[in-house]
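Please look over the sequence and the model first, then read the points below.

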Amino acid sequence: MTATPVTQVPTRPARARRVPLAAAGRLLRLELRRNVMLWMLPIVAALFWLITYRPAMAYPPLWNVRAMTMQTTALAIFVPTVVGVAAWLASREARHGMTDLLSGTSRPRWARQLATWAATTCWALVAYLGCVAVLYAVTARQGAWGGPLWWPAAVGAASLPAFSALGFAAGALRPSRFTTPLVAVAAFLALELTAQFIHGDHSPWQVSPLVAGPWENGADPGVATFYPYLPDLPIVQLIFLTGLTTALLGVLGLPAGSGGRRLRRSAAALTTAGLLAAITATTLAGTGRLDPRGMIAIPALHNPADNRPVPYTPVCSDTPIPICVHPAYSVHLPTVTAALEPVLSELAGLPDAPVRINQTAATYRQESGNGVSISRAGPAMSDTPPTLHILLPIQLARPVATDVLTAELWTNTARDILYNVIGGDRREKTEAQQAVAEAILKTSTLPPGTRTAAAAQRFAALSPAARHAWLTSHVAALRAGQITLAELP
Amino acid sequence: MNVATTELTRRFGRTMAVAGVTLDAGPGVYGLLGPNGAGKTSLLRMLATVIPPSSGRIRLLGHDPDIYRQRRQIRRRLGYVPQNLGFYPGFTVVEFVEYFALLKEMPSAEVHRAVAAAVERVGLGDKAKAKLRTLSGGMLRRVGIAQAIVNEPELLLLDEPTAGLDPAQRVAFRALLRDLGQRATVIVSTHLVEDVGAACTQVALMDRGKIVFHGTPDELTARGVGTTAAGDAPLERGYSAVLAETRS
């Protein structure tokens, strides 16, 4: 220590007030350099890879599936981490015995806390956006059709300031070393549990940032391809999260000692405004309804322009009857073609057989509770030229693996196509129709030893050319239900 | 007067920690002596605007700390080293001092130079980039002093600042105090009477929440002359004599 006088460093409050941003910037930079969240980044990145990236990559490169999976699973990683870190940093003044020392400084406590919170949130956002960038870049490189869906990423990003503020408020108001684990676990459980309260499309709990669409459908490969991603629910979630962030940051400024009367009034105003925004958003979420296009629509926010289909050029197979799918699902076309080609070969050229099979959009309807029915939008067949419209199994609100897809295509889609040609309009199929279907599909769903099973075996034993010739001349009668088992060759 | 208190009291539950202290102090170094529990720390915390008084009046640097805007003005010109100095182990010396410079709302452009000067002044220039967790207790104490003086305070409050300092550091610290006391009011609470003798122009002795002696170190020394009061040094004997007289 030296008593040598140094150059006077006068404090100039007036000037300090003129350049508050520069000082705030320095404070933020200091907090950024020494923020615990920085040390958590490798852990968060590893968890993201394990819990979000790997499962997402197991799905085909569809923006809807990847984005919706990411919104739900990434929050399960980021929320407890950011809440815990924020609580830990908020309680550091008390844990390190700095309360007296810091109380004697002129900058309001609120400003000091906001700098720490902002630094924590900045690192969390950097980590999150980095993870999103990697996931989206890989998805784009895999040739996913269309563009990235930004709404799920925006909701995820907006969740971080909110949960950071939650952790920070808890740590600041109850400073203890136990606050961190308690509040991190509580936030995780609360987030996961609130989603379990969702029953149907009118549930206000849909405001939870975990929810990327109708909760019961999960990451649905059938939405946001034929039609745009509906931003209604994300907008409500963003309002909610912004309100929550504002309210919680406002709460930090309420206790005596946080700042002057004006500052505390501002904090109270922020808290009130934030709460109002959060309540409004929750109420709006409660007015949601399942849109026929598979997303949650909020009437007060819904833009009719979002109901217009997204134009696309289908991708078609080189099969006797071309199968045309939406380009987003082109990755599945080889599987679809391989599974359906045997049936299409049998049907090609038959009178009234379709000359083309088109993948069509699904339509969604809310059932009681959490049930959702998904069916084909529009009629199965359209004329000029005769085109059959089908749903692929992957449009039924669940991503499926290739082998499962093949099995479902064969047992369900191929049978649907076949019955559309030979089955007519009747719901109940005749024995002859069942036997022909069994023979062509080479399945054995009929009870063995029955007359129908015997007829199916007989018909299956014919050469493909003989079967096709017989079908060409008899398909109209078969469709009309006028062929008996005995008449089958 | 930089410090003017009138009948200041502070009560913690049923305990009266400070029981009517009236004190005026201008520029200079003031030693605050007293046994454990005398109320020194409570008085300093009130002067540091950390806790409000239960009753009485305080004016610091011409402002009323009861009024938020004025309290903020005071805090910009205040330096304070509490008895239990906390620190953030992950911060470096420079970062810690810079943190306080920013919290004291120093002009941003001046912060860098002021931090470097404060760190040099407490003899930690070679440890400027060291993390606080790697420093010894004495060095941490000096970091605490650096943060207190970074804004060239007009009122500097030091609660047991020499605890943990080795003899050479204490000598240097006394010189620093004398230097700071030329333009600022420095109030040093300590148990070490030799610090007071060496560095202070005025001394106050507290006992049971009251100031029982106020004068120069020489006057305190004189109170012990010719008595059987305990102490190895004349100032210690004066200290003991005043306390014994008060309690008798």
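A residue counts as buried if 20 or more other C-beta atoms lie within 10 Å of its own, as exposed if 12 or fewer do, and as partly exposed in between, with C-beta atoms placed from the backbone. Helices (H or I, at least four residues) and strands (E, at least two) are DSSP runs numbered from the N terminus. This is a predicted model, in which local features need pLDDT of at least 70 and side-chain atom pairs count only at pLDDT 80 or more, while totals for chains, interfaces and linings use all residues. Residues are numbered from 1 along each chain as its sequence is written, and chains are lettered from A and ligands numbered from 1 in the order in which they are written.

**Chain B as a whole**

- Chain B contains 9 helices and 9 strands.
- The radius of gyration of chain B, taken over C-alpha atoms, is 18 Å, which agrees with the value near 18 Å for a compact globule of 248 residues; the globule rule is 2.2 Å times the number of residues to the power 0.38.
- Along the principal axes, the C-alpha atoms of chain B fill a box of roughly 55 × 40 × 35 Å.
- Buried residues make up 56% of the 248 residues of chain B.
- Two residues are in contact if their C-beta atoms, placed from the backbone, lie within 7 Å. Of the contacts in chain B with a separation of 6 or more, 63% are between residues 24 or more positions apart.

- Two strands pair if DSSP finds at least two bridges between them. An open sheet of 3 strands in chain B has the order 2-1-4, with antiparallel pairing.
- Strand 2 (15-25) and strand 4 (55-60) of chain B are the edge strands, each pairing on one side only.
- On average, neighbouring strands of this sheet are turned by 25° against each other, direction ignored.
- Strand 1 (residues 3-12) and strand 4 of chain B run antiparallel and are joined by 5 bridges. B:T6 has B:R57 in strand 4 of chain B as its bridge partner.
- Helix 1 (residues 40-47) of chain B lies across strand 1, strand 2 and strand 4 of chain B, at about 60° to strand 2 of chain B. Axes here are lines fitted to C-alpha atoms, for helices over the stretch in contact, and angles run from 0 to 180 degrees between N-to-C directions.
- Helix 1 of chain B is mostly covered, with 8 of its 8 residues buried; among them are B:K40, B:R45 and B:L47.
- B:T49, which follows helix 1 of chain B, has a positive phi near 60°.

- Strand 7 (residues 185-189) of chain B is mostly covered: 5 of its 5 residues are buried.
- B:T185, B:I187 and B:S189 point one way from strand 7 of chain B, while B:V186 and B:V188 point the other way.
- Strand 3 (residues 28-33) of chain B runs parallel to strand 7 of chain B and is joined to it by 5 bridges, with B:G28 paired to B:T185.
- Strand 6 (residues 155-159) of chain B also pairs with strand 7 of chain B in the parallel sense over 5 bridges, and here B:L157 has B:I187 as bridge partner.

**Positive phi values in chain B**

- Most residues other than glycine have a negative phi.
- B:E7, in strand 1 of chain B, has a positive phi of about 45°. B:E7 counts as exposed because it has 12 C-beta neighbours inside 10 Å.
- B:E160 has a positive phi near 50° and sits in the loop between strand 6 and helix 6 (167-180) of chain B. B:E160 counts as buried because it has 21 C-beta neighbours inside 10 Å.

**Chain A and its contact with chain B**

- Chain A is divided into domain 1 (23-298), domain 2 (312-411) and domain 3 (423-489), with bounds from an automatic or database domain assignment.
- The contact between chain A and chain B takes 36 residues from chain A and 50 residues from chain B.
- Helix 2 of chain A gives the largest share of the side of chain A that touches chain B, 5 residues.
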